[in-house]
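Dear colleague,

Please find the structure below. I would be grateful if you could read the notes that follow alongside it.

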Amino acid sequence: MEHLLIAPVVLPALVAPFIIMVLRHHLDLQRIFSLASAVLLAGITLALAAQSADGTVKVYELGDWPAPFGIVLVLDRLSAMMIVLTSLLALPVLLYAIGSNWDTRGANFHALFQFQLMGIMGAFLTGDAFNLFVFFEVLLIASYGLMIHSGGTRRFQAGVQYVVFNLLGSTLFLFALGTLYSVTGTLNMADLAVKVAQIPAEDTALLRVGAVMLLLVFAIKASLLPLHFWLPSAYANAPMPVAALFAIMTKVGAYSILRIYTLVFGPEVEATAGLTESWLLPAAMLTLGAGAIGVLGSKKLGRLAAFGAIASMGTLLIAISLFTQTAAAAALYYLVHSTLAAALLFLVADLVMERQGQWILPQLPMPQTGLISALFFAAAIALAGMPPLSGFLGKLLVLDATRGAALAPWIWGVILLGSLITIIGMARAGSLLFWKGHGLPQRAAEEPGYTAAETAPPPALAFVACFGLLGGLVALTVFAGPATRYAEATAAQLYAPSAYIDTVLGRTAE
Amino acid sequence: MELLVASAVGILTAAGVYLILRRRSFPVILGLSLLTYAVNVFLFATGRLVTGAPPILNKYEEVAYTDPLPQALVLTAIVISFGMTAVVVMIALGAYLSSRDDGTAMPVEADGAEEDA
């Protein structure tokens, strides 16, 4: 059973080429295999989470090479939480893509989807900094394919920007890793933690450069202001189910910040002390502000959802940037919530866009207006952080955790004001889309453009997927007690990294 | 040797950054390639510059050796950047062919305009 730890990476890595090579012309079989893989992945990740729930750190040495020399996969509570979240997000997104026929609008959707999952799972599990880079590239190259899925001029144009920006980020990642390697002589995260602590204070100039460059890379992934420019047009022009899956990709950046800057450049490392905190917090507050104002100013539904995702990343990064244990616990709870909420908003945006186009303008009532507007209402409440859904609890936890911080009044002001602006923006979009249209003159059925496709009932599967995500949010609210306890235990494990380091480097026996 | 490698990294990076800031996609892609060359040379230097030595430790006597890990890293980086360059060329070509415009900026749309499929 020890090989179970690598299964979340290996399973999609096997299913994806199988889909490409054997099932290329059989869409139904592709769907079945892709779904089966996603279900199996959910089972595997839940089993792994059960293994790590008691706080043990599990290590898988690839090729049986011991830790600083070979690549290791490491499973602790944080990794387990992230892979469970990924697989539980992938399932409804995949159901939606099948239900809304998005997977038929271009080639190789399911194979790319599986490769994307492989990259995300690997990034969450790896214990090696260079291996993290490789998995970043795996998930990025799959995301390039998914981003331009089904084509279209604007999608290609947005795709070019997205790919160029991320290739720059990858180059910077390599520069950062090279700098760190030249100082420490290792790229294993646990070994880096040991070596960084031993470097004499006068030799740490290069180390600080490396640490800041690495932070920039993760900030690009996490869409931190001013490195967020790639996100709005990329997410708004990607197919919406793909954008919903991308909701976890910004969290890969947040996860990496949380992992590297607690384990390697932790708060007690003198060389980099104060370096990240002093920059991350103001940038995160600006991110939240930019996201909220973007929600208010969006003319298109896709951009609205994208800026909503940026605003939630701002809140998340505010909590992370304090680098305290309670703030990290709040951040983890909010991370799960914001992933599900952002994905739900993207899917609901797609339901609307399929029926009446991408612009937020008053239009005639569409089929199933009531159901879709209710879903939009729920998604907007969740993302803006209003009661009764988990966004409210998450924001409350973040506010509570920041009480003792030096900049607490600023943080509170930005989060509360940002929430208010987000609510106004969502309310504006919702009332324009769902209410204003009722006053418009009715369109004749024989008019061109009023095709049968518009009136045809949509597949139920798409709604099942949306309600699945909503169910996840409700479950996160109802079981907030166990969820916060798990988040607190995870944060405690993050801020006591010696167990992680000792297990990875095989020092437990001594 | 140090001067040669350092100036190579510096010039490649400077040229790459300059090209990336251009408005059209072909110079941008060239700039990305130059940047990946710069980072590949830079990665070699992270293992300290040693010429003419094998990447093998000798436990019987003190001999010069070169660090093999950066070479493995560079190999991985080359493969990845090669693949990525191919992808970005294809996507840029797709954008150019469908819009007849190779600018990297997105044109502004009028409100309510239908998307051209």
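Predicted model: local features only at pLDDT ≥ 70, side-chain atom pairs only at ≥ 80, totals over all residues.

Residues are numbered from 1 along each chain as its sequence is written, while chains are lettered from A and ligands numbered from 1 in the order in which they are written.

Helix α1(A) (residues 7-21) has 15 residues and reaches 21 Å from its first C-alpha to its last; helices are DSSP runs of H or I with at least four residues, strands are runs of E with at least two, and both are numbered from the N terminus. Its buried residues are Pro8(A), Val9(A), Pro12(A), Val15(A), Ala16(A) and Ile19(A). Seen down the axis of α1(A), these fall within an arc of 145°, so they line one face of the helix; the arc is that of the directions from the helix axis to the C-beta atoms. Pro17(A) and Met21(A), on the other side, are exposed. A residue is buried if 20 or more other C-beta atoms, placed from the backbone, lie within 10 Å of its own, exposed if 12 or fewer, and partly exposed in between.

In chain B, Val88(B) lies in helix α3 (residues 68-99). Val88(B) is buried, with 23 other C-beta atoms within 10 Å. The C-alpha atoms of Val88(B) and Glu61(B), 27 residues apart along the chain, are separated by 49 Å.

Technical notes:
Expected span 1.5 Å × (residues − 1).
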